[in-house]
Every structure is written in structure tokens, then in C-alpha cells.
Amino acid sequence: MNVTLILILLLVGSFATYLAGDKLASKVALFFSVLALGSSIVLLNHFNAGENISFISQWITQPNISFALKADGLSLAMLLLTTVLTPLIIFSSFGNEYKNSKSFYALILFMAFAMVGTFLAADGLLYYIFWELALIPIYFIALLWGNGDAEDRKKAVVKFFIYTLAGSLFMLVGFVYLYQKAGSLLLDDLYKLQLSDAEQLWIFLGFFLAYAIKIPIIPFHTWQAKVYQKAPTVGTMLLSGIMLKMGLYSIIRWQLPIAPLAAKQYLFIFVGLGIAGVVYGSIVALRQKDLKKLLAYSSLAHVGLIAAATYTLTLDGLRGAVLQMIAHGFVVVGLFFAAEIIFRRYETRIIAEMGGIRTQSPKFTSMFMILVLASVALPSTFNFIGEFTVLYSLFQINIWFAILGGTTIILGAYYMLKMFQHVMLGETNKKVFADVTISEALSMIIIIVVLFFFGMYPKPITDLITPSLENILTIINRN
Amino acid sequence: MDTNLALVLLLTPLLGFLINVFFGKQLGKSVSGTIGTFTVAISFVVSIYFFLQINQTKQPVTIHIFDWITISNFNVGFGLLLDQLSILWLLFVTGIGSLIHLYSISYMHDDENMHKFFAYLNLFVFFMITLVIGSNLLVMFIGWEGVGLCSYLLIGFWHKNQEYNDAAKKAFIMNRIGDLGLLIGIFILGVLFSTVDFTTLKTSIETTTTINSYWIGTAAFALFIGACGKSAQIPLYTWLPDAMAGPTPVSALIHAATMVTAGIFMVSRLNFLFDLVPNIQNIIAVVGAITALVAATIGLVQNDIKKVLAYSTVSQLGLMFLALGVGAYEVAIFHVITHAFFKACLFLGSGSVIHALHGEQDMRKMGGLKKVMPITYLTMLVSSLAISGVPLFSGFFSKDEILLVAFEHSIPLWIIASIASIMTAFYMFRLMFLTFFNTFRGTEEQKHHLHESPSLITFPLIVLAILATFGGLISLPGHSWLNDYLTPVLPKLAAAEHHLDTTAYILMTIAVIGGIVGIVLAYVKYNKRNTVPVSDEAIIGFSKVLYNKYYVDEAYTVLFVNPINALSRFFRDYIETFISSLIFGLGKVTIALSAQGRKVHNGSIGLYLFVFVIGICAIISYLFLAQ
Amino acid sequence: MSIVLILFCVLSAVTLATAFLTIFSKNPIHSAIYLVICFFSIAGHYLLMNSQFLAIVHVIVYSGAIMILFLFTIMLMNLNKENEVHKPRITRLGAIVSFCLICFVLILIFINSNPIVGEYITTGEDFQSIKVLGKVLLNEYMVPFEYASILLLVAMIGTVLLSKKEKLEK
Amino acid sequence: MNNILNQIGIENYIFLCVILFCIGVFGVLYRRNAIIVFMSIEIMLNAVNLLFVAFSTYHQDAQGQIFVFFSMAVAAAEVAVGLAILVSIFRNSGTIDVANLKNLKG
């Protein structure tokens, strides 16, 4: 039993969803995603029992490419994030009607497939293929099922597509070069590679471009807000909840161990870029009129912090980054879902047109409040664990990094509470706000429970990821 | 046994919160209020048990519940530490908490969201207990932020009013500025000592021979910023007066008695750390003294009854910080306790008045309530005497000790503190005279409905008034039970001598005379001459500056809020567009190039073939002739 | 000069001349006729090299089938009038330049690679009689042979489809 | 006539084929009439065929001739389809002047 099972399940699920027809599609998709979740938990148990659940087999002989899937704690954590969020995202979409829903849900599953592949792949080319594969479904999801003016949307989505694709090409160039050097693209072979300073720098920069655009780190973020705004909420959730974690994960898995010298030498620049993203994103978020755009910028700020933490090259940084990735994945999905719940009732995303929801639906308000609080990293939520560890790692580099990065807890509270105030509080809104349905509440509650549980007891995840992160750190420090 | 009891202590309020949140509406107002009160009372009983136990054993109870956060150089467990300090805090948090819960049953009875109110109050008590009994800085931080959250929720309890929401938001954000400081302090301690646990921290600081005073100083300063945020010290005090937007019991519980003392708790908790860095202690003392003075001056001219009390709270907190700054932790703690009694009583009394006047808070529209509300009047009078430092009331002892230690430390600080306490006496009695004496100045209709509050409201008032009167007995000069009790956690105490010398008596006399002068001045101005403060527009001169709180809020708006918002707008409108157009620019360059390139593709097969042939020639030449 | 060489020269001259004339004739029908002659001369070359079968097949396929197709097409289109506009001078210049260039390059290559060609040895073994060709074709080249048949079939169908007159759309 | 290449020499054949091929190229470039272009292509094909046969003889190997067969089959198919296309183009646009067939323009 190994991790290919999940890939196969998701791929089969994708086809099955397409074949199931419009009426059944959502249920079939949910079924397969839950199945994938179940099997990933089973696999996790096998892994914890010390079993080897990785998979490797020669794929192409010339060039020397293997179909290699590596499942260590880090990959499994990201795998679980994907497989938990996918059913949630699918389930959260049940309140909406999508035309041609069989393609819609098939694309979601296909995207999950590609993302899981990215998290597991241990061969450069395979990884690259999955990486790019994940882009295709989200392109169609955003383009065909998005909202707003079609021309505007097309512009934003095409920009996003070309932008990320162009970034990835630099990574491909890096891989081609690495292949010339190593004669194989297997992760372990690449880890063993001894590259000169200049080589490392170029490889590092090539990878950086790909990841910086995907994550996004400023100043490569301009695609983000528009796409988040225009994409259907499901697409936004997939993008912000899982897909941008691909970039962060890849930094830890690929970029740092392959080019550690460059990472060390230019540490301050890259940590600084991440921190700049934190401050910049927070400040821009203050004055956003569109709820989804505001959340997009808040996401920019949070991932900036995570990226900064990964570039600190400390155990705390990496661990905090992974924890924060997972926490952020849940919170951001919850927040976008909340925005969607409001949209279903008010047909608007403009903050100024909302307000007074609290008197109409106290339940929803409470859940939204908890998500807002988690997003501003209130202690006892999962995000606090992540943010604390991340800031601690930044502090180890330089106190000013910690202080500047820490402005997120001030500015974050500022824009989130401001948003909350104008969206939820105030005089009762004239528009009708039907109370949340059971299925809507269920998705939110699952997210909230996860956030609180791991906020108080993050040990399972910490124990899962720490050994693999320590491995990566030894590889980074091999010289 | 201890573990279970401690968990009961901790989790009962949480249980109350959960019950009220999920079932509060169905249970009805009285039931949810009773549950809320009862859960806190249980915690109070358990606290008493622990108090009795520690009095016998003198041994702190430490409980490790589970591993929480893993950091590279240390692990943080979710643990509880019940020592003298935390149990003391527990006692008055849960004690006053129960009284205020009781009070709220009646006070909030007309509010449709009463169950929510009790839920939040319970949650607050839960977080406050966490803050107090956390065994390390991070568990304390849970409570620290948690009480901030509850404060936010309760200030904005009447959430339809956006001004209240603004006040709530402001409180939360200003607290967060302090929280960042606290976090930085925790980081420094974590890096330096590889632990954030209070007990181990203490031992490692005591055993470390080489103290890195620069970093310890930074840590202490950062922690002090955290305390500033929570305990409303300059420059982060402006949230507290605005926080009066919340229901009055909230002001009494959170913004007078308990939450705002968290900063003092934290500093006392880490006394071994602060003792190492006298410079930072000086800063604390100065900040405390200035806060006391500034807040007192503002309090002189406020007309909103709760605002007066709010500034009085800030001022008193300043005095406590002054005591902390001069290293007299036990004095600060003593004042925290007495202040909790009389300030809670004052707030609840003002609540009773507001209740009777159906929400009127402007003192200019009160007056002559003495006869209608005798219990409220008497209890508030007692508390006012206490806060003014009239002898034999609790405030006399605690405030006097603060002045004493300030004097020993530095005379200018003593002068500032003394002026602040004279002002305190003045504005408190200004409040009393304006509210209770002379004739009623409100509308006829209000006059008609004037009534003494029900017993559920007066009972807590009476209890608190009694405590405010006799609370001072726990630490009589020269023979202090409190100091003995706290000796294990404040090691410096054992060495210090406590005796009354002549200086002490002189100072005491000066303070008492000052207090009485303040009272008499207020009497002359507001009772004898029956002056009523002029309306807002008519305020002129320096009192206008005071009335507008030195324009600090406006200054903050101009200095911080507006620039950030402007920056945000600038980023949004220009920088975003600029970066975006850079990216689009790349695309446009490509398009321009391809527009040139497509001219080649003119569809003429002849040209294509020609190029094709040339190309073939080139390739063949390269392949066969280039060798 | 042996007879063979003279024959070769004559045939070559005819081949090249008719090829040129094919291109330069203004009337497409003339071009087609010249092309037929060119093909015949090439068949002559084949005969000269003793590959009679190939020569015959060549005549049948090219001069027979393909040329008939050409002629039919020309007639179908009624192209016998000399209506072609002359190309601009630059195009003609380009054509001549590339003609010279490719000639030059190819010949240069040939001269350069002369040694690689190897020796010409005649063993007298039969290698191009119908019998031998048939054996080779149907043993070693069986599959391509079948593919060729499929190709022709497909071409036939394609041609029919293409040249069928589409009905006017409603 | 078994040793014919002894008398003529393979070089002559190569020259002949090269020139024939170049004439084909020239024709393709020079003429605008699509049918003539087609004929030029046939000339090029034949040039190659001839070279095949020449070398087949030179190496005393049948494979070259087999290739010519295939090439003829392909040429036949190509001509059939190509001319059919030309006919339909002519039907649609009334001309077979390649200068007018500019739909490939980008």
C-alpha cells in the first residue's frame, strides 16, 4: 500500500464525476474526496507504524526520469491538508448551482489530484508536470464559473495563467540545468549535488521566480487580488487554501536544500521580501471595498510571513511555516466560505453594502467571528501556534524582523475587525439574511473544530513534520 | 485531587460560557444569569480552597496538563501554577466576578441578549483565570489575549451602535500593540533562557552568572509595553475611557477590577526579571507617575460619570505602576486589591444610578439622588472616601504606601503622585456632589421614575463597600499579613524592613491633608456654591484642553491612523497599479515585438519557401561543411 | 567516349532541358507535355542502369497516371490560356539566387564527402530483377508495403471526398 | 551493362540529380501557378528517385529501388490529393495563383 493509491483515487474520481452527469456530479465528487481523505488517514497510520509508503519506479529511461513519490512527514502533512480541504470545499459548494456541474466538480478533483501529486513528487520532472497540471483546472474553473464581467474576468485569469506559467518556466530551466549536472532529477540525487555559489544563485533565483509568483510574494502578487475576486469561491478556496501552499512547500522541499548556499548568503533579502509582503499586504487590506479582495490581501500578508519564515533556515522557521500553512489553509477557506454565504444572501461582495448581519443571524456571526479571530492568531487557535513559531524564528534572525513581521498582529486585527464591524455589526440590514443552513454550518464547524483542536494540541502535526524538517535542515547545512 | 480541582476552577466558567452560548436563549434570562453567576461562584469556592491550602502548606501547586507548543530549544506545556500570587488574584477575580455576575442579573434584565452577556462574562472569567494561573508566559498569553477578546466583545455588546463598535475595536487594537511587545519579550526570554516557564525562568535567572543586561533590559521593556497596553498606561491608555461604551458591569469587572490589572500581575510575576534592570524600572515608575497625573487632570473636568471613573482608573493604575517601578511589588498588589474593591463598587454604583435614570450618564443632568437612592449613595460614598485616601478606609493604606515608597525612591515622583491623589479626591467628590447632592436636574419624567435599585443590585454594592472599608486591614503598616503571605513569590520582601518612622507619619499626614483639601474644594465648589459644569460649547481655556483629553486621540488619529490609511490608499491606488502596469508592460512589449514579427508572416508562400530554402542551405552547410 | 556515356549525356540533356522548359513554358499544357518527356528520359536512365521493372513502373505511374491527372486537372480548370501574371523582379531574383545557392551547396557537399561514397564493385549478382525485387519487397518490406496500399486507399477516398461538389448550404 | 557506372561514373549521376532537384526548387520559387509548382515538386521527387536508383546500382543492393517504389506510391497519393485540393480551391476562389492564397497570414 503506498501513496499512489490517493493519486489514483482522485484521478478515477475525477473521471467518474465527469461521467456521472450533472445531477450526481457533486455527490460523486464528495464521495471520492472523502474516500481519498479516508485512505490518506489509513496511509498516515501505516506511515506512523514505520511502514514505507513511498513509491518509485523508472518511468522514462532517456532522459533518466522516475515516477517517484516520496511520503515523509512533510509531504503527508500537506497531503492531509489537501485531502481534508477538498471534501470541505466540495461540500461548501453544495449551496450553489453550477451549470455543467460535472465538468466543474471533475476539475476540482483533478486539481486535487495534481496538487497531491505536487506534494508527493520526488522527481523533478514529475514534480514539474504536477505543478503545471494544477494550473489548468483552476484556469478553467476561474474562467468559466467565475463572477463579474466576463471580459474583466478573462483578462484577470489569463494574466494569472500566463504569469504563473512564465514563472514556472524559470524553474524548468533550473531543472534542465540540474539534470545536466546530476544526470537524474531524483530528489535525493539533487540533494547530493555540489554546486558552486554562482550556480546555486541562479538556480535559487529561477526557483524563486516560480514560487514567488505562485505564493505570491510581493512584488509578484498583482494577479492575486483580481483572480480571488473574479474566481468562483470554490476556486478561490482552492487557490488560497491549497494551491499557494504548493509554492511554500516547494521552497522547503526543493529550493532550499538544492541551493542552500544562496539561501544563506541572501537570507536577509528574501526574509526581508517576505516581511515587506506582510506589512504591505496588511496596509493595502485596510482600504479594500471588496470583501474577497480584502481577504486576498490578508492572505498576501499571511503567506508573506510564512515565506519569510521558510527563508530563515531555522527549524522553528520551517516548522512554523508548515504549521501556519495548514492553519492558514483552514482559516482562509473558512473566511472565503463566509464571504460566499453572505454573497448567497445579499448578492454582493461590497463591504459597504453589508452590515447588521449580527442581529439577523447570530450563529453565522459567531462562526465568522471565530474565523476572524483565528485569522488574527488569537492564542488557542491553530494560527497562533503557527504565527508564534514563525515570529520566534524571525526573532532568531533579527529582532526587527520579528517586530515588523509582528505588525501583522496589530494591522491584521485592525483590518479584520474593521471588516467585521462593517460586515456584521451595526443597524439591522434591510435585506433579508436567511439563517445559515445546516450544511453551511457543518462546513464552518468542522473548520472551527480543527482550528481549536490543533490550537490546543498541535503535537500530532508537530511530531509528524519535525523529523522530515530536521532531515531537510541537515541537508541544507551539509556544506 | 489538586489537578482535578484546578481543572474545575478553570473549566467551570468555560462550561458556563458554553451552556449560555448554546442554550442560553432557550433557558431564559434568569436561568442563564444564574448559571453564569453560579459557575463563577464555584470557581470562587475552589479558589478559597486553594487559598486555605496554600496558607497551610506554603507550597505552590504546579500542574502539567499536556504538551502544547514545540520550539526548537524548548517545549511549552499547557500547565498551571497556583502559588500565592496567582491565588490572590484568583480570589478577587472570581470573588468580585461573582458579585458582578449577580449584579448583572438584575442590571441586564431588560436586554434581549442577556444570555450572550453572561456567556461573554463567563468567557472573560475563564480567560482571566487562565491568565492568572498559567504556569508559563505562553499560557498566560492565552488568557492575556482572551481577556482582550472578551473586552472587545463586551465593549461592543450593543453592537448596533457603530461608535461602540469603534471603541471596542480601538481597545482590541491598542491591546494588540501591547501584545506584540509582550510577544517580543517572550521571544527574548525564550532565546536567552530556553524556557518561558515562570519557575524555571526564575531559577535560570537566579543561577545564571553572566546576565546579558542589554537583552534582559529589552525584554523587560518589551514586556512593559505589553503591560502598558493591557493596563492602560501612557501612551496606550486612550482605549480605556472609550471602553466605557460597554455595559456598566463590564466596566466594573473588566475595565476596573480585573483585566486592567493584568499588566501589574505580569510585572509582579516577573519581578525577578525586572529587578535586574533598574533603568527599565525607572521608566516604569516615570510612566506610571505621569499617567497618574495626566489621567487625574483629565478626570477633573469630565462630565460623563463613567468617564470620570475611567480616568480615575487609569490614574490609579498609574500609581500602581509607580509602585512597581520602584520595586515595591507588594504595595502595587495591595493597591490592586483595594482598588478592585472600591472601583468595582463605584462602577456598580454608577451603574445603579444610570439604571435609575434610564441610561443617562451626564452628571450635569443628575443631582439630589441621595434621598432616592440611599444605599447606592452610601456605598459610593464609602468607596469615594476609600479612593480619596481618607484614613481607616482601605484606599488610605494602600495609596499611602505607594506614596511612601515613591518618596523613598525619588521626591519628584512623590510630588507628582501626591498631586494626582489630591486631584483624585477632588474629582471623586465632584462626582459625588454632582450626582447625589442638591436638586435633581434631569427631566420631569426621569424624576418620576427615580427609584432605588433592586436588592440584586444593592447587595453586591454593600459587600463591595464593606470590603472597600475594611480591605486595608490585610496590610496594615508595620504588621502586614499581605507581605508575609507574598514573601515566597517576592523574595525581596523578606529582606525589606517594614516599620513606621517619622517620615512615614509626616508623609501620611500630608497625604491625608491633601485628600481632605481635595474633598473640601469639591464641596465648596459643587455643593456650597452649587456650580454645575457648563455645557460642552462653553468650556474654554485650559479646561477645554483637559475636557478634550489633551487632544491625544486626535493626535493619534493625525499621527498614526490617518497616515496608515493614507498609505493604504496610496498603496492601493498607485503602487498596486504601478506594479500591475509593470507586469502588463512586459506583456505589451511582447505584443509590440510580435506585431513587428507578424509582418514577416504575410502569407506569401513564395517568401516562406525562399526562407525555407535558405534555411535548408544553412543547416546543410552547418552539418556537412562546418567541420 | 563509350556509347553508354553518350547515351547518358543525351538523356541527361533531354532531362534537364525538358525540366527547364516545364518551368518556363507559359502554357500549362506545354509544361505538362515537357514534363512527360522529362519523365520518359528519366525512365531511360533507369533502363540505362538495367532496372527495367522500375523503368516500366515509372512510365506507368508517372507518365501514365500522374501526367493524365495533371492534364485532366488543367483542362478541368480551363487553364490553357496564358493568364499568369509575371512575378515581381525581386521574387525572380530570389528564385535565381536560391537556385544557385542550393546548387552550389549541394555540389560542394558532394565534393567534400566524396571519400565517404566508397568503391564501386560489381559482383555480377542479380539484385534488380523482378524476382529479387519481389522477394525483398514482400519479405523485408511487407509491412510498409501494406501501409503503402492503405495510403493509396486513403488518398483515393480523400480525393473523392475533396473533389465532390458540395451542395450549397441552405 | 552490368558495370555501367564504371563507364559513366556515379558523380555524373549525382550532378544530374542535384541540378534536376535544383530546377525543381527553382520552379517552386519561380512560378505562381500552383499546377506548375506541383510539377516542380514532381521533378524534385524524380531527382531523388533517380539518385536512389543510381546508388542502388552502385551498391548492388535492391533496397534503394524498393524505396523508389514507396516514393512513387507516396507521390501518386500526393498528386491525387493535391490536385483534388487544387480543384476545390479553384472552385472556391476561381484562381490557383499561389500569390492569392494568403490565408496563412498571421
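The model is a predicted one, in which local features need pLDDT of at least 70 and side-chain atom pairs count only at pLDDT 80 or more, while totals for chains, interfaces and linings use all residues. Residues are numbered from 1 along each chain as its sequence is written, and chains are lettered from A and ligands numbered from 1 in the order in which they are written.

Q: Why is I402(B) called buried?
A: A residue is buried if 20 or more other C-beta atoms lie within 10 Å of its own, exposed if 12 or fewer, and partly exposed in between, with C-beta atoms placed from the backbone. I402(B) has 30 C-beta neighbours inside 10 Å and therefore counts as buried.

Q: Which residues does I402(B) touch, leaving aside those up to four places away in sequence?
A: Two residues are in contact if their C-beta atoms, placed from the backbone, lie within 7 Å. With residues up to four places away in sequence left out, I402(B) touches L319(B), L322(B), A323(B), V331(B), H335(B) and A417(B). I402(B) itself lies in helix α17 (residues 394–409) of chain B, and its C-alpha is 16 Å from that of L473(B), a residue 71 positions away in sequence.

Q: How do you know that the span of helix α6 (residues 162–193) of chain B agrees with its number of residues?
A: Helices are DSSP runs (H or I, at least four residues), as strands are (E, at least two), numbered from the N terminus, and the expected span of a helix is 1.5 Å times one less than its number of residues. The 32 residues of α6(B) should therefore span 46 Å, and the end C-alpha atoms are 45 Å apart, which agrees.

Q: What makes α6(B) mostly covered?
A: Of the 32 residues of α6(B), 27 are buried, and on that count the helix is mostly covered. Just after α6(B), S194(B) takes a positive phi of about 55°.

Q: How many helices and strands does chain C have?
A: Chain C has seven helices and zero strands. Of its 170 residues, 28% count as buried, and residues 24 or more positions apart account for 51% of the contacts in chain C with a separation of 6 or more.

Q: Where does UniProt list "transmembrane region" in chain C?
A: The unreviewed UniProt entry lists residues 6–24, 31–49, 55–78, 90–111 and 141–162 of chain C; such positions are given in the numbering used here, feature names are shortened, and annotations may be inferred rather than shown by experiment. In the model, residues 6–24 of chain C are 100% helix and 0% strand, with end C-alpha atoms 27 Å apart, and residues 31–49 of chain C are 95% helix and 0% strand, with end C-alpha atoms 27 Å apart.

Q: Which chains share the most contacts?
A: Of the four pairs of chains in contact, chains C and D share the most contacts. That contact takes 70 residues from chain C and 63 residues from chain D, and α3(C) gives the most to the side of chain C that touches chain D, with 11 residues. The residues on this side divide into 48 nonpolar, 18 polar and four charged, where Ala, Val, Leu, Ile, Met, Phe, Trp, Tyr, Cys and Pro count as nonpolar, Asp, Glu, Lys and Arg as charged, and the others, Gly among them, as polar.

Q: How far apart are the closest C-alpha atoms of chain A and chain C?
A: The closest C-alpha atoms of chain A and chain C lie 28 Å apart, and no contact joins these chains. Chain A and chain D do not touch either, and their nearest C-alpha atoms are 21 Å apart.
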